[in-house]
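Thanks, everyone. I'll keep this brief. Please bring the model up on your screens.

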Amino acid sequence: MKGHFPIDKFNTLCTPFYYYDTAVLRDTLNCIRAEVARYENFIVHYAVKANANPKVLAIIRESGLGADCVSGGEIQAAVKAGFPANKIVFAGVGKADWEINLGLDYNIFCFNVESVPELEVINELAAERGKTANVAFRINPDVGAHTHANIMTGLAENKFGISMQDMERVIELAAGMRHVKFVGLHFHIGSQILDMGDFVALCNRINELQEKLDAQGIRIEYINVGGGLGIDYHHPNRQLIPDFAAYFKTYAAHLKLRAYQKLHFELGRAVVGQCGSLIARVLYVKQGTNKQFAILDAGMTDLIRPALYQAYHKIENISSEASVEMYDVVGPVCESSDVFGKSVDLNGVKRGDFLALRSAGAYGEIMASQYNCRTLPQGYLSDEFM
Ligand SMILES: *Cc1c(COP(=O)(O)O)cnc(C)c1O
């Protein structure tokens, strides 16, 4: 075993596959639970879209978190994993009728509504069922975040949410509808955010909006600030567990919560990111003109983040102690962007070695595709190798 990987057990498995270290996942969940317990009104949901592997979901559900879903399929996955429906929230800019009906039939806690036409459809579909749906409005706070453009969601130019100028009009509209009940405001400014200042900016914006609503006597039960806390992709061993203490403290210090209000969080990446690695085998080491390539049996179809967001994943040769050399680490897919890393230092690589692509627990397995008619990777928990 090198690092924490049971390599001898890996020999019997088809590569590539995802390996989830359940000790890391449980430590992360325990840390969240301990930190959140410091604050009376804080409630944490897990953003299912980061990783919906049923075995991973089961562990997260055991820890008591709620579920934040962005599709009907995710609602089904959450229910199947045992999340209670009254702890499920449903966000998303384009909810189809069947997905809304699914949420209504399960009596989920809340729909995070992103437009007026959506509000009207929820009201109609709830009426057909003789129900009243809890709704929160996702407000676009026009707050930037220091992260990759493709995962920044809180600017006015992004497709998400309802503009601040429309907020009061939409709340008023909902008040006139018989089958929806306005309960809260929802925000989510982006993902992989490590600068607490970005969350402070969101808090300040929410404080402004709350003052406006207070002045009109509009009562808000729930504030939902979404997710977005990032992880340390460069030094996974140094910081296996994200700094939840600083994260929750930032909100406690800067958000002016009313005594009767509850504050919801929806964390995805920070919950599951560091527990997962993509394990691949080296197929070939190829000498190029000025460099050498380690060609893996895993490609962008298994882990698309480097190709999609120019994301960095630390790569380790877990089969070798040989002296370090430099490689471009690439996949087999017929796309020039199918590259996991350039000029990567690795212990000397040979055919058959296992490479671990670290910090791949979030937006890894769940984003896998079958492009090139490839097989979807399996996911295994470390518990399964004991
Ligand atoms: C993706 C998403 C999250 C989770 O984001 P992370 O960066 O993974 O924490 C939370 N809320 C909403 C609405 C989302 O779309």
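Gln310 sits in the loop between helix 11 (305-309) and strand 13 (315-317). This is a predicted model, so treat every value as computed. Phi of Gln310 is near 50°, positive in a residue other than glycine. Most residues other than glycine have a negative phi. Is Gln310 buried or exposed? Exposed, because its relative accessibility is 58% and the cut-off is over 50%.

Now Ser359. Its phi is near 55°, again a positive value in a residue other than glycine. Ser359 lies in the loop between strand 16 (354-357) and strand 17 (378-381). Its relative accessible area is 1%, so Ser359 is buried.

Next, a peptide bond. Thr15 to Pro16 is cis, with omega near -5°. Most peptide bonds are trans. Pro16 belongs to the loop between helix 1 (7-10) and strand 1 (17-20).

On to surface charge. Asp97, Glu120, Glu124 and Glu128 form a negative patch on the surface. Which helix gives the most to the negative patch? Helix 6 (residues 116-128), with three residues. Asp97 comes from helix 5 (residues 97-106). Asp97 is partly exposed, at 44% relative accessible area.

Finally, the whole protein. It has 11 helices and 17 strands. The C-alpha trace spans about 70 × 40 × 40 Å along its principal axes. The radius of gyration is 22 Å. A compact globule of 386 residues would have one near 21 Å, so the two agree. Buried residues make up 58% of the 386.

Conventions
Residues numbered from 1 in each chain as written. Predicted model: local features only at pLDDT ≥ 70, side-chain atom pairs only at ≥ 80, totals over all residues. Heavy atoms only, no water. Patch = residues over 30% accessible without salt bridge, like charges linked within 9 Å, V, L, I, M, F, W, Y side chains within 5 Å. Areas by Shrake-Rupley, 256 points an atom, 1.4 Å probe, with all protein chains shown as cover. Salt bridge = Lys/Arg side-chain N within 4 Å of Asp/Glu carboxyl O. Lys, Arg positive; Asp, Glu negative; His and termini not counted. Charge placed at Lys NZ, Arg CZ, Asp CG, Glu CD. Helix = DSSP H or I, 4+ residues; strand = E, 2+ residues; numbered from the N terminus. Buried < 20%, exposed > 50% of the residue type's maximum accessible area, 1.4 Å probe, protein only. Rg over C-alpha atoms; globule rule 2.2 N^0.38 Å.
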